[in-house]
Amino acid sequence: MLKMNHVTITFQDVNPPQQVVEDFSLSMEPGEIVGIVGESGSGKTMTALSLMGLLKRDAHITKGSMNFMGKDLASQTQKGWEAIRGKEISMIFQEPMTSLNPVLTIGRQMEENLRLHTSLDKKTRYQKALDMMEKVGLPQPEKLYGQYPHQLSGGMRQRVMIGAALIGNPKLMIADEPTTALDVTIQAQILALLKEMNREFGTAILFISHDLRVIRSICSRVVVMHQGKMVESGNVQEVMEAPQKEYTRRLLASIPRRDCSLRRHREERLRQ
Amino acid sequence: MKNQEELVLEVRHLEVGYGRGRKYHQVLYDVDFCLKKGEILGLVGESGCGKSTLSKTILGFVPAKKGQVVHYTSRPQMIFQDPFGSLNPGKKVGWILEEPLRFQKEKLSEGQRRQRVEAMAEKVGLDKKLLGRYPRDLSGGQRQRVSIAISLIQGSQLILADEPVSALDVTIQRQIMELMLGLQEEMNLSYLFISHDLDVIYQMCDRVMVMEKGRIVESGPVEQIYREPEHPYTRVLLEASL
C-alpha cells in the first residue's frame with residue numbers, strides 16, 4: 001500500500017544543505033500498525049510530514065520515491081495533496097488543542113473531511129458525525145456537537161481528533177506522538193481506541209513515538225531512527241528482545257522499567 | 001538508608017485551596033508526610049491532582065489554609081520539567097550559576113565565586129566551555145544539568161524535583177537520573193521527586209506517595225506498593241502504565 005524507497009529529505013536553505021532524513025525505506029500493508037521510534041531530532045516527524053505533503057518550503061525530498069496506492073507522493077502538486085489529505089491519508093498530533101480550531105465547534109471539525117471530500121448533504125453529515133463521535137467514545141454527541149475545543153479535556157480532544165481523522169475512512173492514519181501529552185490512564189484508553197478503530201475500519205496506522213513502551217503496546221513492526229537514519233527495523237518483539245544495533249540496545253537499556261531499580265542497584269554496589 | 005531518624009521536612013495535615021468565598025476550590029486535603037535525610041520520596045499522580053500545588057506550598061509560594069510545613073534544612077530548592085523557562089536567556093550559563101552566590105549572606109570574592117561555579121559545573125558533568133554559552137546553545141539534558149547545579153550551589157540539602165526528566169529523551173533521561181542519584185549519594189541530599197511516570201518513580205525512589213484528587217491515597221516503600229497495591233487508584237495507575 002505504502003512504499004517509501006531510499007527517501008532523503010534535505011533542508012536547502014542552509015549552507016551546506018542539511019539532510020534531516022537519509023535513505024529511509026518503509027513499506028506498509030493495508031491495516032498494519034507500524035511504529036517509528038526515535039529521540040528528538042531523529043527525523044521521525046519529518047518523515048511523517050513528508051507523507052502528508054506538509055514539509056516546510058525549504059525542506060525537499062531530494063532522493064528516493066514515495067508511492068501510496070499507485071500514486072507518486074514525491075511529485076504531488078498542492079492540488080493533488082488536497083485530494084489525498086484527510087481522504088486517503090490523515091494525521092493526528094500530540095496536542096489536539098493546537099491542531100483543533102479553537103473558534104469552530106466540535107461538530108463542524110468532525111465533519112470537515114466530509115465537507116471537503118464528499119457531496120453528502122448537511123443532514124447526512126450531521127448523522128455521520130454523531131455516529132463517529134459515539135464510536136470514538138465521546139459521551140452525549142448531540143450536546144458535544146455544538147461545543148468548542150476548550151470545553152473538553154485533553155483525552156476528549158484527542159478522541160475528537162481521531163474521529164475527525166477517521167470520518168473520511170482513510171487508508172492510512174499517521175499518529176505523531178498522539179498520547180505523549182496525556183495522563184497514563186487516558187493514554188491507555190486512547191491506545192485501546194486506536195487499536196479498536198484499526199480493527200473496525202481496517203485503517204493502517206503509522207505510529208510515531210519517542211516511547212518504546214507505547215510502540216511495543218500497539219505496533220506489530222517498528223523502525224528505529226537515529227539522527228535521520230534508519231538504524232534497525234523489524235517485528236516489534238524481535239527488535240525489543242534481540243536488538244541488532246548498538247543504538248537500539250542503548251535505547252532499550254534507557255527505558256525506565258519496573259524491575260531492577262537504579263536507586264537500589266546503586267546502593268547495593270556501594271555497600272560492596 | 002542512612003540517618004534514619006533525622007528529618008528534613010515535615011508536612012502536617014496540610015489543606016490548600018485557591019480562591020475565596022463561593023469561588024473557593026480546595027486542592028489539597030489532609031496531606032501528611034515527612035521526608036528523612038538522605039531519602040528519595042516519590043510523589044505520583046495524574047495532571048490536576050495537586051502534585052505541583054504541594055511543592056509550591058512547601059516552598060511557600062502558596063499559603064496553607066490549614067496544617068503546617070516544617071523545614072529542618074535551609075534553602076530547599078526546586079528543579080522543574082523544562083529548565084528553559086527558568087534560565088535567563090540573556091545571560092551566559094556561568095553568570096546564571098553565579099547569581100545565587102552574589103545574593104547570599106556569605107560574601108564571596110569574585111575568584112571564590114568562579115571557583116565554586118566551576119566546581120559545581122564539574123560535579124553535574126557540565127563542560128567548562130559551556131559556562132561561556134547561552135542557555136539556548138545548550139541541549140535539553142545540558143540545561144537540566146544547569147538547573148540542578150543552580151539548585152545545589154548554595155548548599156541546599158532538600159531538592160523538590162517536579163517532573164525533572166519528563167521532557168527529556170530516554171537516553172538523556174537515564175543520564176540525568178544517574179546524575180541525580182550520584183549527587184544524592186555524594187552529598188546525602190533528600191529529594192521529593194514528583195513524576196507522573198511510575199517507572200521513573202520506581203527507578204529513583206525509596207518510598208512513594210500516590211496522590212488522587214488532592215489526597216494521598218497510599219504511601220509506602222516502592223517495592224511494596226508496586227508489588228501489593230492496596231488502594232484501587234494505585235492499581236488503576238499501575239495497570240494503565242505500559
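**The sheet of chain B and its surroundings**

Modeller: Start with one pair of residues. B:Leu43 stands opposite B:Met209 in S8(B). This is a predicted model, so read the pairing as a prediction. The two strands concerned are S3 (residues 40-44) and S8 (residues 207-212) of chain B. They run parallel, and four bridges join them.

Now widen the view. S3 and S8 of chain B belong to an open sheet of six strands. The order is S5-S6-S7-S3-S8-S9, and the pairing is mixed. At the edges are S5 (77-79) and S9 (215-221) of chain B. Each edge strand pairs on one side only. From one strand to the next, the twist averages 20 degrees.

A helix covers part of this sheet. Helix H1 (residues 51-58) of chain B lies across S3, S5, S6 (158-162), S7 (190-195) and S8 of chain B. H1 of chain B runs at about 155 degrees to S6(B).

Next, the partner chain. In chain A, 22 residues are in contact with 27 residues of chain B. Four helices of chain A give two or more residues each to that side: H8 (184-201), H9 (212-218), H11 (246-254) and H12 (262-271). H12(A) gives the most, with four residues. By type, the residues on this side of chain A divide into eight nonpolar, six polar and eight charged.

Chain A as a whole has twelve helices and ten strands. Its radius of gyration is 20 Å, close to the 19 Å that the globule rule gives for 272 residues, so chain A is as compact as a globular protein of that length. Along the principal axes, the C-alpha trace of chain A spans about 70 × 45 × 35 Å. Buried residues make up 40% of chain A. Take the contacts in chain A between residues at least 6 apart in sequence: 67% of them join residues at least 24 apart.

One helix shows the packing inside chain A. H4 (residues 106-117) of chain A has buried residues that include A:Ile106, A:Met110 and A:Leu114. Also among them are A:Gln109, A:Glu111 and A:Asn113. The buried residues of H4(A) pack against H5 (122-135), H6 (141-145) and H7 (154-166) of chain A.

Last, confidence. Chain A averages a pLDDT of 92, and 100% of the residues score at least 70. Among the elements of chain A, helix H3 (residues 96-99) has the lowest mean pLDDT, 75. Strand S3 (residues 33-37) of chain A has the highest, 97.

Technical notes. Residues numbered from 1 in each chain as written. Chains lettered and ligands numbered in written order. Predicted model: local features only at pLDDT ≥ 70, side-chain atom pairs only at ≥ 80, totals over all residues. Contact = placed C-beta atoms within 7 Å. Nonpolar A, V, L, I, M, F, W, Y, C, P; charged D, E, K, R; others polar. pLDDT = per-residue confidence, 0-100. Buried ≥ 20, exposed ≤ 12 C-beta atoms within 10 Å, placed from the backbone. Rg over C-alpha atoms; globule rule 2.2 N^0.38 Å. Pairing = 2+ DSSP bridges. Axes fitted to C-alpha atoms, helices over the stretch in contact; angles between N-to-C directions.
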